[in-house]
Amino acid sequence: MYRTWLFCVVVFLADPAARAQTPATDAKTPQETARAFTRQGDYTNALVVLNEALKKDPQNLELSKDIAFNYYLEKEFDKGIAVAKALVERPDADVTSYQILALLYKAIGDVKECDRLYKAGIRRYPRSGVLLNEYGEMLWSKQDYSVVKYWEEGIKIDPNFSGNYYNAARYYFFTQDKVWGLVYGEIFLNLESYSKRTAEIKDLLLEGYKKMFTDVNMQKNQTARSPFAVAFLNIMGKNSFTISQGITTESLTVLRTKFIINWFETYPTNYPFHLFDYQRQLLKAGMFNAYNQWLFGSAENLTVFQAWTTTHSDEYTRFIDFQKGRVFKIPEGQYYQEMK
């Protein structure tokens, strides 16, 4: 629920310039005035402004969405539902319209209507990774463990939305699967590099590498045997000698360096995959060590990691500057999971 709420806050209140404005004097439009009130927690005044503006422009979708959202924040759920239900029936309703109504249904605990709503939204927007992700989260809260199919579908059709990677990675980390938690977790960290969820996935990524090497036969219990996953484990197994003294940031850097070299020697064109392209780019640029420190160092030992960044400040700063200045984007068609 928190992540959904945060998403809507970002959608509706993401005008940083307006933070310093006073609602009555500096905002340029009624909607900006209302959003300034919302940021201040004055939802009643926001609704006053929005409803007056809607009288002058009754077909304005954005105003109506803001009204429904402010009713949600004001805990006037019935009023919000009345507005939002009308929104999703409109021909110009967008994905956010469905998200807002879902928020309201969740607030009153109406799981049945929320389920029906998400199904309708996905039928209307079948390529919305956001709706697939949220529907999966709702089902997961009901202990429906088949939900990974929705997150997988979201990854397949909307490969640059981070939420499905986050949830799928967490799902696979707690199964016997050895591949997809690692792959999806690392992609998530590159799509969403600095959030509250980042530290959680870094911890799981480190534990996932440990789990991968607990079986002598690395293919054991790998039930979804896509050719990509088999190839991944074969090359990891080939280089298992690099972690013979244990899984550490340093041994993982050696392992992953050998992996990426072997991958492009063995499968240069079989499985085009941007994550591995990016790793090879960092390796060639001399930033792969810093990248692995960023991935695993703080999860392994925060004090040691902080000491490393101090003694390698130029190296680490170079990587961080590069990372923040690039856009990590997964091309469509690089999906290799095979669901049972």
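Asp-277 lies in helix α15, which spans residues 274-284. With a relative accessible area of 31%, Asp-277 is partly exposed, because that class runs between the buried limit of 20% and the exposed limit of 50%. The C-alpha atom of Asp-277 is separated by 22 Å from that of Met-212. Along the chain, these two residues are 65 positions apart. The model is predicted.

**Chain overview**

- The chain has 340 residues, and 52% of them are buried.
- The chain holds 18 helices and zero strands.
- The C-alpha trace spans about 70 × 45 × 35 Å along its principal axes.
- Among contacts with a separation of 6 or more, 62% join residues 24 or more positions apart.

**Glu-32 and helix α2**

- Glu-32 sits in helix α2, residues 30-39.
- The relative accessibility of Glu-32 is 26%, so Glu-32 counts as partly exposed.
- Glu-32 and Gln-323 are 291 residues apart along the chain.
- The C-alpha atoms of Glu-32 and Gln-323 are separated by 33 Å.

**α2 against α3**

- Helix α3 covers residues 43-56 and packs with α2 at an angle of about 165 degrees.
- The axes of α2 and α3 are 7 Å apart.
- The two helices, α2 and α3, are therefore roughly antiparallel to each other, because angles over 145 degrees fall in that class.
- α2 and α3 make a left-handed crossing.
- On the α2 side, the contact uses Pro-30, Thr-33, Ala-34, Phe-37 and Thr-38.
- These α2 residues meet Tyr-43, Asn-45, Ala-46, Val-49, Leu-50 and Ala-53 in α3.
- By class, the contact of α2 with α3 comprises eight nonpolar, three polar and no charged residues.

**α4 against α6**

- Helix α6 runs over residues 95-108, and the axes of α4 and α6 come within 10 Å.
- These axes of α4 and α6 cross at roughly 15 degrees.
- That angle makes α4 roughly parallel to α6, because the parallel class takes angles under 35 degrees.
- The crossing of α4 past α6 is left-handed.
- From α4, the residues in contact are Leu-61, Lys-65, Ala-68, Phe-69 and Tyr-72.
- Their partners in α6 are Thr-96, Ser-97, Ile-100, Leu-103, Leu-104 and Ala-107.
- The contact of α4 with α6 divides into eight nonpolar, two polar and one charged residues.

**α5 against α6**

- α5 packs with α6 at an angle of about 150 degrees, and their axes are 9 Å apart.
- That makes α5 roughly antiparallel to α6.
- α5 and α6 cross with left-handed geometry.
- α5 contributes Phe-77, Gly-80, Ile-81, Ala-84, Lys-85, Leu-87 and Val-88.
- α6 answers with Ser-97, Tyr-98, Leu-101, Leu-104, Tyr-105, Ala-107 and Ile-108.
- Eleven nonpolar, two polar and one charged residues make up the contact of α5 with α6.
- Ser-97, Leu-104 and Ala-107 of α6 are listed in the contact with α4 and also in the contact with α5.

**Loop residues with positive phi**

- Most residues other than glycine have a negative phi.
- Lys-75 has a phi near 65 degrees, a positive value in a residue other than glycine.
- Lys-75 is in the loop between α4 (61-73) and α5 (77-88).
- The relative accessibility of Lys-75 is 63%, so Lys-75 counts as exposed, because the exposed class takes values over 50%.
- Gln-143 has a phi near 65 degrees, again a positive value in a residue other than glycine.
- Gln-143 belongs to the loop between α8 (129-141) and α9 (148-157).
- Gln-143 counts as exposed because its relative accessibility is 58%.

Key. Residues are numbered from 1 along each chain as its sequence is written. This is a predicted model: local features need pLDDT of at least 70, side-chain atom pairs count only at pLDDT 80 or more; totals for chains, interfaces and linings use all residues. Side-chain values use heavy atoms; hydrogens and water are left out. Helices (H or I, at least four residues) and strands (E, at least two) are DSSP runs, numbered from the N terminus. Buried means under 20% relative accessible area, exposed over 50%, partly exposed in between (1.4 Å probe, protein chains only). Axes are lines fitted to C-alpha atoms, for helices over the stretch in contact, and angles run from 0 to 180 degrees between N-to-C directions. Angles under 35 degrees count as roughly parallel, over 145 as roughly antiparallel, 65 to 115 as roughly perpendicular and the rest as oblique. A crossing is left-handed if the near helix is turned anticlockwise from the far one by less than a right angle, and right-handed if clockwise. Contact means heavy atoms within 4.5 Å. Ala, Val, Leu, Ile, Met, Phe, Trp, Tyr, Cys and Pro count as nonpolar, Asp, Glu, Lys and Arg as charged, and the others, Gly among them, as polar.
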